[in-house]
Each structure stands twice: as C-alpha cells, then as structure tokens.
Amino acid sequence: MASLSLRNVYKRYPGGVTAVSDFNLEIKDKEFIILVGPSGCGKSTTLRMVAGLEEISDGEIYIGDRVVNDVAPKDRDIAMVFQNYALYPHMTVFDNMAFGLKLRKTPKEEIRRRVEEAARILDLSHLLERKPKALSGGQRQRVALGRAIVREPKVFLLDEPLSNLDAKLRAQMRTEISKLHLKLGTTFIYVTHDQTEAMTMGTRIVVMKDGLIQQVDTPQNLYLYPCNLFVAGFIGSPQMNFVEAKLLKEDKTFFVEFGTEDTKTRAGVKYKIKLPESKNKNGTLDEYVGKEVIMGIRPEDVHNEEKLIAEFPDGVVTANVEVTELMGAETYLYMNCEQQSINARVSPTNTAKPGDTITITIEPEKIHLFDKDTEKTICN
Amino acid sequence: MANRLFQSIVQQMKDAVDRTIGVIDSNGNIIACSELSKIGETLTPDLSLIAKNDIFTLEDYTYKAIGSNQSGEYYVFVAGNDPFAEKYCTILAISFSNIKFYYDEKYDRSNFIKNVILNNILPGDIYIRARELHFNNDVQRTALIIRTTEPTDVVVYDVVQNLFPDKTKDFVISINENDIALIKETKAGINNNDIEKLAMSIADTLSGEFYTRVVIGIGTSVEGISELSRSFKEAQAALEVGKVFDTEKSIISYDNLGIARLIYQLPTTLCQTYLREVFKRGSIQSLDQETLFTIQKFFENNLNVSETSRKLFVHRNTLVYRLEKIKRITGLDLREFDHAIVFKIALMVHKYLQADPVKY
C-alpha cells in the first residue's frame, strides 16, 4: 500500500521565504501524479519534503497510514530520480546500478537479482558490461532510472528527469516512463515545468503557482475546465487566447463584447459574440453584466474554414494575419483582431498569409470567461 | 603507488620471515606478496571483521589493517594462525604504516593539494613540489566544498571519489567529518553555470541515491596551483554566506553572492555602526515576525502595495496600515525607494550580525 497524503503542509525557510503554503493532496496507490508549474512555484520543494530531504515547517505527510514527518529519508521506502543525475564514469552499467546497494551492504546475490531484474524491465540487459561513455543519452537516462528501481521502493519521486535531454529523446523517454509505471505498478510522483509532459504522462495533475495549489484534476478536465486564468494559460500549447472584453445582457441573452470602436470617429469595430445558454447554468453570469471580463478561447476553437464559419455565425470576426507557422499536421495563424492578439490552429491546407485580412469564427460554446480582478473562472 | 612500494618492502622482508606475507586492498585483492604468483588473486575475508579487530585470524591467514585507521585501504596478511603469525603481522603493519605515511607525505599528489588548500606548505615550496609531482600549472581548477548537513551512514567521500575517479586531474579530499573538498580541473572558458550544474549533479546523486542532503560551496576558477587556496577559501566563504542569506539554496557560488559578499567582508564594528545609524535604539527588535514577513513580501513584489496585499491575502488598507506602523517605529517609509534600499541592506546586516558566521 503506497498511498500518500499531504495535509496542510508548509515550507518556510529561515530567511522568511515561504516556498509551499497549505498544500493538501491525497495520492492513491499506484497513481501517476504530476506536479507542474513555473520555476520557483514550490513543486520540487514539495517533492523533497515527501522524500525527507527538506524538513516540513508545518503539516503532516503520510505514506500509507504512517506519518513520516520525522522518518529519515532512507526509511521512507522511496526512490528518487533527479534532473542532474551523474553516472560513475569508470563503472559498468551493472556496477552503476549496484553501487548504492553495495554501500548499503546488500548481499551480493540479492544485488545481482535486483540489477538483472531492473535491467530486464529497462531493456538494458545487453548493456550491463558497458561503461557510461559508450551509452546514448536515452540509455544513460535508463541507467539512472535503474538505480532507483533496484531499491524496490513503494513510491518513485522524479524531479524533472528529462529536462537535460533533447526534444526527440524526451518524447521517447516520456513513453518509456509511462510504460515503466505500468510495469512496476507503484506510485509515481513526477515534477516538471513542461505542460506537455504533464498532460501526456499523468493520471492526475497538480498545477502550482507561488507555492499554492491552483487546481488538481485529470489532464482532460484541466484542459477543458481550468479553475482560473493561470491554469487556463499554463495548460495547453499554444496557450489559450485571452481577450479583454465586456459582458452584456440583452433580454435574456448574454454577449461578450470586445473591440476598439471610437465613439466619436466611429473608427474600429466592436464585436459582440452571443453566448449559449449553457454558459449561465448556475446564474453566475448575472453579477458580471456590464463589467469587464477576460474571454479565453483555445486556438483550436478559432476557425477559418468556410464550413465552420457558416456553422458558428455568432462568433464571426475579422482579423489581420501577422505570422503563419506551418507545423506539418497543422498551421498556426497569429492574428490581430482589434488590437487583441488571437492565435488559431487551423488546417495545413489553409492559404492565409501574413498581411491578409481574413474572416474567422470563435466557437461560442468553447468560450471561457474569467474575472478580471480575481482571475477566477466565471464559466467554462 | 602502493603496490610497488609494498612489493619492494615485502621482497626485502621475505628472507627474514619464513612464511608467506603480503598486502591486500579493500576489495581483498592481493597487491603485494612474497609469492609472486599470488599477486592478483583475491582473498575473501570479511574485511569489516578485520576492521573491528586489532588482529584477525581466518582459516590459514592472520590479518591486520595498515595505518591507525582501522577501516583502512590496505591490510597486511601472514600465512598461519599461530602467535608468531600475529607478531609478524603486527611488525609488518607498523612498518608498512610508517612507510606509507612518509610516502604519502612526500609523493602523494592528493596530499600535496590538501596541504596547498589548507596553507600547510610554504608558498615558495609549492612551485618546486608541483614540478616534482608533474602538475600542470597552466590549467584551470575550481575548488568545491561538499558539506553534509546531517549525519549519514553513507561514506560521501566514496561516492564523490567514484564520481570523479581520474586521480590525475581531480582531487577529492576529506577536510573534516562534514566537509569534502573537490578540486576539479576545468576546461578553459568553462563558465560558472557549468560548474554549478556539475555541483548540482553531485548534490542530486547524493540525494537521489543515498538520501544525503548536502550544500555545496563553489570558489572561483583559478589558474596555477598556488591560487587553489584562494578558491578553496572562497568556497568556504560561500557556504558561510549561504548559511546566512541563502538558506533555501543547496549550491552557493562565490561568484553569485552579490551584496551578501560585500556585507560578509565588512568588519563587525562597521556593521554595528551602520545599524545604529539606520535604526533608532531597539526599533528593529520591536518588529515582530509578521511585520518582517510583510516587509519581505513587499520587497519581493517590487514595493507594489496592491500586488503585495493580494499575495498576502490582506486588504490593501491593512498593508498600508502596517507600512505606516513600520514608518512610525523605524522612521523609514518603505514605499520610497531610497528608504526601502536602506532598510533592505540594514536587514541583511542585522541578519549577518545575528548569524555571526566564520570569517575566511
């Protein structure tokens, strides 16, 4: 049983810096949980507190049913893999994986069994006699993982283990680590600042900022139902478009209005997008009528195909194309719509080029609204 | 070095002792023996038992550790388990210990580096000894100090030595029970970020593999052996300054200490004078923990009242009230840049005086 529970955990450094505040999280046995957030948000500190490498200032950490606040790291039944791993250059792969066990005076036969088992899981069996300099980047990374596996822990803690790899290798290792999680059937806690890693690997994601948990949810829910502006902007690549707008109500219908129309010269245009009724399920929109809000729309929910423009006539606006990026399977259009930047993910067959003025449509059902002051979600 | 040295002594002793004698290393490999054919073979006694006993007998051999350190690198062995074997063993161990000690003193490169960084060698002798030991004086080297922050049952020295096994370029030296110095040869043009990354890999390996938390101080890169002591002192200073100002960091580089380095180099009396000048008598002591936390957040948020109040989850007016209170107590209005900078430095000086770090 390797469930984890962090209850009201704080980390305050003697200098006064508070790295983590009121952290509450229940992690189920065999779960693959990701801590994600920008640099300095407290995710690594949280991981190190779970490991016992940082004392907690307040709160409680449970591994299974046991409070481990005062338990030494080596007695917590955990294993860690860090970003800046170093292999012993003069030792073979076998010895690299066995070294920690040797220092802990593990019997030789047991060491051999564990190393061979780890090598089998990581597909390193044929490389056991090689030295690190004869390995590729991915193989070295697998040796680093092997050093953790041989400890046979209940919980794996991984702190940005792929950050030092190039993009291609990183993508490959993402899959390998996910497979490893399935093979080992243990709890994984994985820290990253890369939202792609978070979205592709985790069963649940914890989004952090300034030492505080912003949202804990499945990757899909985080993407579809972000709880605030930060989560909406952090999760998703390219990131969600944010447009400063105003919420209006005419009869029983809500509209978001944005644009730059000058009341005297009538220069510029103001756009009004009709919101579907589903956006006001709990009547939350009423209190924002007449107020400024932030409208969020994902790039894939902005379209320029004629068929979709016809399908969503309520969201039609005109925009100037500034930059186009052909990514192969899709094209990104970076546009300016009444002084607001809008990015669209469209078909690669699209013919718009920089300087063009094109008609696009914003899918009203996919609009998110955020409170401009608190940055909390009004509706998703 | 030890193999040839020990073998030469064993050869000389062979005729005086009428039985097989030799030396094994910490893995049980015979590195010197009166029967030449046995060199390279492995004896497999439990070395931890030898370490625990002054003299240890197992099957047909009697063993004793060489040197005062019981868990030494080498062990002498004598064939037989009778009282004479024990006597021979003791005599040989004393003899080998002394020879090894003098040899280390004179020819061990690591020992030489240790003497250089600890200033145990006359400046004039450094150049001569460096030449005798074939040191390249033109390469860059950096001193790092790896300090364990809590007791550990893992020998950190062994781990670091295994991470940097090239004994001709890198030197791992045990300074005391908590500190290990790593003198690392670095390529010309290597920047501080690379050294910090290297230090991070040491810290991460020790944390990840051995659950051992360390802080690492880094000195500046220097050229020439005689400059190594400066780099070492800087690494020591970095750790001391880090203990006061960068408690959350595990890698502290002397090159990145910023204003903390200036404060560290100021005489204590000057610091006290400055504090008296800035704060009225006792005024800094009357600031409670919550107020100091508020001040810190205010600085972190670039003296922005709205942003700070949002981060502190307090109303803007509450923050303004707190800032007014600070102004009343100290005479400094933190919303003004000049006052804020005076306060910031004064707080650092205060912290420094309270911590009373060791000066290097």
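How many residues does the contact take from chain B and from chain A? It takes 23 residues from chain B and 24 residues from chain A, where two residues are in contact if their C-beta atoms, placed from the backbone, lie within 7 Å. This is a predicted model, in which local features need pLDDT of at least 70, side-chain atom pairs count only at pLDDT 80 or more, and totals for chains, interfaces and linings use all residues. Residues are numbered from 1 along each chain as its sequence is written, while chains are lettered from A and ligands numbered from 1 in the order in which they are written.

On the side of chain B that touches chain A, two or more residues each come from helix H6 (156–163), helix H7 (192–210) and helix H11 (289–300) of chain B. Helices (H or I, at least four residues) and strands (E, at least two) are DSSP runs, numbered from the N terminus. H7(B) gives the most to this side, with ten residues.

H7(B) has 19 residues and reaches 26 Å from its first C-alpha to its last, close to the 27 Å expected at 1.5 Å a residue (1.5 Å times one less than the number of residues). B:Tyr211 follows H7(B) and has a positive phi, near 55 degrees.

The strand pairs (at least two DSSP bridges between them) are tabulated below.

| Strands | Bridges | Direction |
|---|---|---|
| S6(B) (residues 140–148) and S8(B) (residues 179–186) | Eight bridges | antiparallel |
| S7(B) (residues 171–174) and S8(B) | Four bridges | antiparallel |

B:Arg141 stands opposite B:Glu185 in S8(B), and B:Ser174 has B:Ile180 of S8(B) as its bridge partner. A hairpin of four residues joins S7(B) to S8(B).
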